[in-house]
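Subject: Structure handover

Dear colleague,

Please find the structure below. My notes on what was found in it come after.

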Amino acid sequence: MNSLSELDPIIATRLSTLADEIAQHDGIPPFGATALADLRRPAPRDSYAVLMEGEDPVGFAWCDGTSAEFGVHPDHRGKGLGALLLKAVHQRYPEAAVWAHGNLPGAEAVARAAGLKPVRELWFMEADLSPIERQLEQDPDRVTASLQPPASMVLRGFREGDEDAWVETNAAAFADHPEQSQVDAAAFAELREEKWWQPHLLRILEVKNPQPGEPRIAGFVWLKPSKPGAMEIFVVGVHPNYQGQGIGGLLMREAMTTAVNMGAARAVLYVDGADEIATHTYERQGFVHKGADVQYVGATSPATN
Ligand SMILES: CC(C)(COP(=O)(O)OP(=O)(O)OC[C@H]1O[C@@H](n2cnc3c(N)ncnc32)[C@H](O)[C@@H]1OP(=O)(O)O)[C@@H](O)C(=O)NCCC(=O)NCCS
């Protein structure tokens, strides 16, 4: 595996195109946002293994040292290239976990043949927004009433100056979450550089007069325009001081109503399948399980312990 800066600089653009072609064929992207964002950086921080046929990349793997993803162009499958990519990852990072987005049969077979075992599931859930759309037409006052925050709080869009309080609440809500807990001030600033970023789509539940030591943001829900007609609930978090008081449900209703007002017909989200509180919160709001990304690790990796 090489750092991308050791490879031909035009390869990065070609790898983004390859990732798009695979996603289009499979109906699910083979790489997550981090792997793709890294391809756009002037000096990518992570590692890539690229398989070339002549001048063309036909498959590649990405790894940040602990987590890996890989994809092979549909015209080049069934020739052992997936297994080669996985081998390249594990030669450099023997304990890296591998994500199979959608757990498609090819990826599952490659992972199992390499002796890896599934250890984590990231569920993909979806909700039909037409019941909320109907309610908005027939009884808008009822919808407004269902979005009323507690008297001591205000529900509003993100504003400049919210950064530190957001990072604090995010860190507290996601203390046990391997990826979301890593979103520090710098990573949050990077997310706000994404093309889809719109401040009003990060809904903030602000505590009007927090006591000393209390969080200023009780919770938040962040929307990300997804495919046409769909809105992703990118992340929802409630500060532990306020969990279990109906705030998660309120934030989900706020997000889904905002999505309808922006013309979305369905809402989608990803959630750790083992997080029963979160999956229950989403099911209560009409979300149903549609598929899963599965994480595989080697039988001897510490992640299985
Ligand atoms: C998941 C989360 C957003 C839910 O928010 P919340 O304000 O705690 O949830 P609510 O009080 O609105 O409760 C929603 C449902 O979950 C249930 N619930 C909440 N906390 C619970 C607990 N500790 N144990 C059991 N059930 C619980 C509630 O009873 C309610 O179900 P009901 O309507 O059937 O009674 C919040 O717990 C959180 O931020 N967790 C950490 C971050 C996270 O996992 N985010 C989601 C993944 S992206």
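This is a predicted model: local features need pLDDT of at least 70, side-chain atom pairs count only at pLDDT 80 or more; totals for chains, interfaces and linings use all residues.

Residues are numbered from 1 along each chain as its sequence is written.

Domains

The protein splits into domain 1 (2–114) and domain 2 (124–292), with bounds that come from an automatic or database domain assignment. Taken over C-alpha atoms, the centres of domain 1 and domain 2 are 31 Å apart.

Ligand shell

There are 20 residues around the ligand, and V238, Q243, G248, G249 and A278 come nearest. A residue is near a molecule or strand when its C-beta atom, placed from the backbone, lies within 6 Å of it. Strand 10 (230–238), helix 9 (247–261) and helix 10 (276–284) are the elements that give two or more residues to this shell. Helices (H or I, at least four residues) and strands (E, at least two) are DSSP runs numbered from the N terminus. Helix 10 supplies the largest share of the shell, five residues. By class, the shell holds nine nonpolar, nine polar and two charged residues. Here Ala, Val, Leu, Ile, Met, Phe, Trp, Tyr, Cys and Pro count as nonpolar, Asp, Glu, Lys and Arg as charged, and the others, Gly among them, as polar.

Helix 5 and helix 9

Helix 9 also pairs with helix 5 (residues 130–138): their axes come within 10 Å and cross at roughly 75 degrees. Helix 5 is therefore roughly perpendicular to helix 9, the term covering angles of 65 to 115 degrees. Axes are lines fitted to C-alpha atoms, for helices over the stretch in contact, and angles run from 0 to 180 degrees between N-to-C directions. I132, E133 and L136 in helix 5 meet M256, T257 and V260 in helix 9. Four nonpolar, one polar and one charged residues make up this contact of helix 5 with helix 9. Two residues are in contact if their C-beta atoms, placed from the backbone, lie within 7 Å.

Single residues

A127, in strand 6 (residues 116–128), counts as buried because it has 22 C-beta neighbours inside 10 Å. The cut-offs are 20 or more other C-beta atoms within 10 Å for buried, 12 or fewer for exposed, and partly exposed in between, with C-beta atoms placed from the backbone. Not counting residues up to four places away in sequence, A127 touches M256, R266, A267, Q285, G286 and F287.

F188 is in helix 8 (residues 185–191) and is partly exposed, with 15 C-beta neighbours inside 10 Å. Leaving aside neighbours within four places in sequence, the contacts of F188 are E163, W166, V167 and V183. F188 and V167 are 21 residues apart in sequence and 7.6 Å apart in space, C-alpha to C-alpha.

N103 sits in the loop between strand 5 (97–100) and helix 4 (105–113). Its phi is near 45 degrees, a positive value in a residue other than glycine. Most residues other than glycine have a negative phi. N103 is partly exposed, with 19 other C-beta atoms within 10 Å.

P212 lies in the loop between strand 8 (202–207) and strand 9 (217–225). P212 has 4 C-beta neighbours inside 10 Å and so counts as exposed.

Regards

Notes. Angles under 35 degrees count as roughly parallel, over 145 as roughly antiparallel, 65 to 115 as roughly perpendicular and the rest as oblique.
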